[in-house]
Amino acid sequence: MRTRWKHPLAAALAATLVGLSLTALTTTPAQALQAAATHPFPTHTTYRTGVLPSASQATRDAAVQKQYDSWKANYLVHGCASNEYYVSTKGDGDATNNGPVSEGQGYGMNIVPLMAGYDANAQTEFNGLWQLVKDHKDQYGLMQWQLDGVSCKYYSGGTPDAATDGDLDIGYGLILADKQWGGYSADALGWLGSIYAHDVAPDGHLKCEDDGPNTDTRPSDHMLDHLRAFAAYDTAHDWNKVITRTEAVINEFTGAYSATGGLLSDFVVGADTTGPKPAPANYQESQPDNIVGYNSIRVPWHLGTDALLYGSPTTLAVAKKESACLKGESGGNPQKVYPHTKLDCTAYSTGDQAEEAGDSVGPAAMAAGDQAWTDTLWNYLGTNPFGDHYYGETIKTLVYLVMAGDYWSPTAASAPGNDFSLSASPAGATVTAGQSASTTVATAVTAGAAQSLTLTATGLPSGATAAFSPATVTAGSAATLTLTTNSSTPAGSYPVTVQATGASGSHTTSYTLTVTAIGSTCTPAQLLGNPGFEGGTTNAPWTTSSSLGFNPITKATTAEPAHGGSWIAWFDGNSAADTDTLAQTVTLPAGCTAATLSYWQHIDTTENTTTAKPDTFKVQLLGSTGSVLTTLATYSNLDKNTGYTQRTFNLSPYLGQTVTLKFTGTETDANGGTTDFTIDDAALTVS
């Protein structure tokens, strides 16, 4: 990838570059029949270190499937030839006519084999992606890095050349395909030989491109998990030399320029010396290449993934630093992990934001063992607050696979064979300050043999203590956790993390402790203001936004009638790409024991699809900092209904907190249809 500078007008700029719609995926190239998948999705991986998100494995798998469906519908294109597929750069303007770049083609060749078994056409699609690569090689036998989306001719100026990141991902994708279906060994070995000959400098570090100098490198190319797979798969070349030198560059650079944060700049010069340093600003791109930018935001993802799969001391140490650095920069809010960050962990600019900056931190947070930060980042993956397109949504798909535990290595030795699960029942309780609550913490052997587990609890409010009986159990046994508050414990709802640690690693489960003040009472009430939107043009206390400038609170019509009264909240339906929001902040009383959100919803659509979800409607709760506490539900054009349906949600775990209820309707206008999301007569009751 060569150009990634974005600014507040990026979306408008990208829109002017988008000239043609994507070719619908209604036909497939003429390829061989699908082979049986050896590792069908979901293939769950036990990582060598770190933690997984607290969400259940089934929930994580479902989230990956949903993201993959969206990614495939929007970015996987059948063209230019009848036997080719490519990954479109739709929305980002990285190539004319939404064409492919080698970076994206490599991403696709990683994603598709990992989704085989879920996607029945995965091998056909992979073969089409690989065919396009073979049809567009440069003088060194590697993929031309940028192509027009209609003609598939080389788009950039000068002699066609290749970019190292795309080359590495394409090579890794071929190994994945060979382990998934078989039959790709010759292609994979030939491709790896070309990478070694042209993308590796004499001292072993990775060059930025195949025709570039031997003095610089791009840290976002430091995909050490790929390099370790290459070393195991291709013994004809000294990939261990590349691994050793890559780790040395990382250590030498961070030691000198980012000892605390472990950050690496977009480009590094002097990579062939023991003193690599940040490249000058505008070294290869029209942005400050001497800090973290749209290239190096990928480093926490790549190094975190290597640490998870291989437990490498180098990548684990750097991933821990990067996780803590970016958590500190953002105040724990992934939206404030800025795409341009100085090497001292402070933002270079806060005027540019992108979803992929926060998404990419997820694997590093997992490797660091930071459960709360991991869970926050996992929840953030389910959002796209800045409306990002190809780059952000494609990186998100790969990060989702890693964070879900569905990212298997084609060559890594098996992770520890023993494993266990952890659960708490009940999963929460409400007590008055000074009282206690108990739950049964159960463990079970999920793989291998039973092991000794040490139980701990974190996240308790002040004045509260946790006691396990017993504190150490053998997997398959249970313990009782007693949480005791005192009279000064402040009222509120507290997510307590219960962790069990054994020789194979750690697992966590959540328990919600809600504390009410002594003598506090609850007055049953409905808390939302203007719940039926009958305030008319006076939105308050709702706040609204629309990327097209329309107020979602509007007068009902014959086409979109009200459930009650004369006014509704109407999202999207403008036959154009649009994001509409409606939000209201409320305080849920700590003295109550139950809180319920309800509203009536109607969805109609002209989208002509039974699988794609180009239009979505999200219901979320935000915390006091604006971070997403939970996504209560996501609906799409596939959920169209006749008349109104009442939706209800339990908000009791959030009693004692001030939260923002937010509705977000997003229409991509990708398939030519339009979707109307309408809600009315909302209520948030407590008792």
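User: What should I know about the numbering and the model before I start?

Analyst: Residues are numbered from 1 along each chain as its sequence is written, and side-chain values use heavy atoms, with hydrogens and water left out. The model is predicted, so local features need pLDDT of at least 70 and side-chain atom pairs count only at pLDDT 80 or more, while totals for chains, interfaces and linings use all residues.

User: How many disulfides does a search of the whole structure find?

Analyst: A disulfide is a covalent bond between the sulfur atoms of two cysteines. Here the term is applied to a pair of cysteine sulfur atoms within 2.5 Å. The search of the whole structure gives three. With bonded cysteines counted along the chain, their pattern is 1-2, 3-4, 5-6.

User: Where do Cys80 and Cys152 lie?

Analyst: Helices (H or I, at least four residues) and strands (E, at least two) are DSSP runs, numbered from the N terminus. The sulfur atoms of Cys80 and Cys152 are 1.9 Å apart, and the link is right-handed, with 80° about the S-S bond. Cys80 is in the loop between strand E1 (76-78) and strand E2 (85-87), and Cys152 is in the loop between H4 and H5, so the pair links distant parts of the chain, 72 residues apart.

User: Is each of these two cysteines buried or partly exposed?

Analyst: Buried means under 20% relative accessible area, exposed over 50%, and partly exposed in between (1.4 Å probe, protein chains only). Cys80 has a relative accessible area of 32% and is partly exposed, whereas Cys152, with 2%, is buried.

User: What does the link of Cys325 and Cys345 look like?

Analyst: This link is left-handed, with -125° about the S-S bond, and the S to S distance is 2.2 Å. Cys325 belongs to helix H10 (residues 313-330) and Cys345 to the loop between H10 and helix H11 (355-359), so the bond ties together parts that are 20 residues apart in sequence. Cys325 is buried, with a relative accessible area of 7%, and Cys345 is buried too, with 15%.

User: Which parts does the pair of Cys522 and Cys592 tie together?

Analyst: The disulfide from Cys522 to Cys592 has an S to S distance of 1.8 Å. Its 85° about the S-S bond makes the link right-handed. Cys522 sits in the loop between E14 and strand E15 (525-526), and Cys592 in the loop between strand E19 (578-587) and strand E20 (595-605), so parts that are 70 residues apart in sequence are tied together. Cys522 counts as partly exposed at 24% relative accessibility, while Cys592 is buried, with a relative accessible area of 1%.

User: How do I check the length of a helix such as H6?

Analyst: The expected span of a helix is 1.5 Å times one less than its number of residues. The 14 residues of H6 should therefore span 20 Å, and the end C-alpha atoms are 20 Å apart, which agrees. Buried residues of H6 include Trp191, Leu192 and Ile195. The buried residues pack against helix H4 (122-135), helix H5 (164-180), helix H7 (224-233) and helix H8 (239-257).

User: What is Asp210 in contact with?

Analyst: Contact means heavy atoms within 4.5 Å. Leaving aside neighbours within four places in sequence, the contacts of Asp210 include Asp138, Tyr140, Asp161 and His198. Asp210 is in the loop between helix H6 (185-198) and strand E3 (216-217). With a relative accessible area of 3%, Asp210 is buried.

User: What is the strand order of the open sheet?

Analyst: Strands of a sheet pair through backbone hydrogen bonds, either parallel or antiparallel. Two strands pair if DSSP finds at least two bridges between them. The open sheet of five strands runs E7-E14-E13-E9-E11, with mixed pairing. Strand E7 (428-432) and strand E11 (472-474) are the edge strands, each pairing on one side only. E7 pairs with strand E14 (residues 505-516) in the parallel sense over five bridges, and Thr430 has Thr514 as its bridge partner in E14.

User: Which strands pair with E12?

Analyst: Strand E8 (residues 436-447) pairs with E12 in the antiparallel sense over seven bridges, with Thr439 opposite Leu481. Strand E10 (residues 465-469) is also antiparallel to E12, over five bridges, and Ser469 stands opposite Thr480. Strand E12 (residues 478-484) has a covered face of Ala479, Leu481 and Leu483, and an uncovered face of Ala478, Thr480, Thr482 and Thr484.
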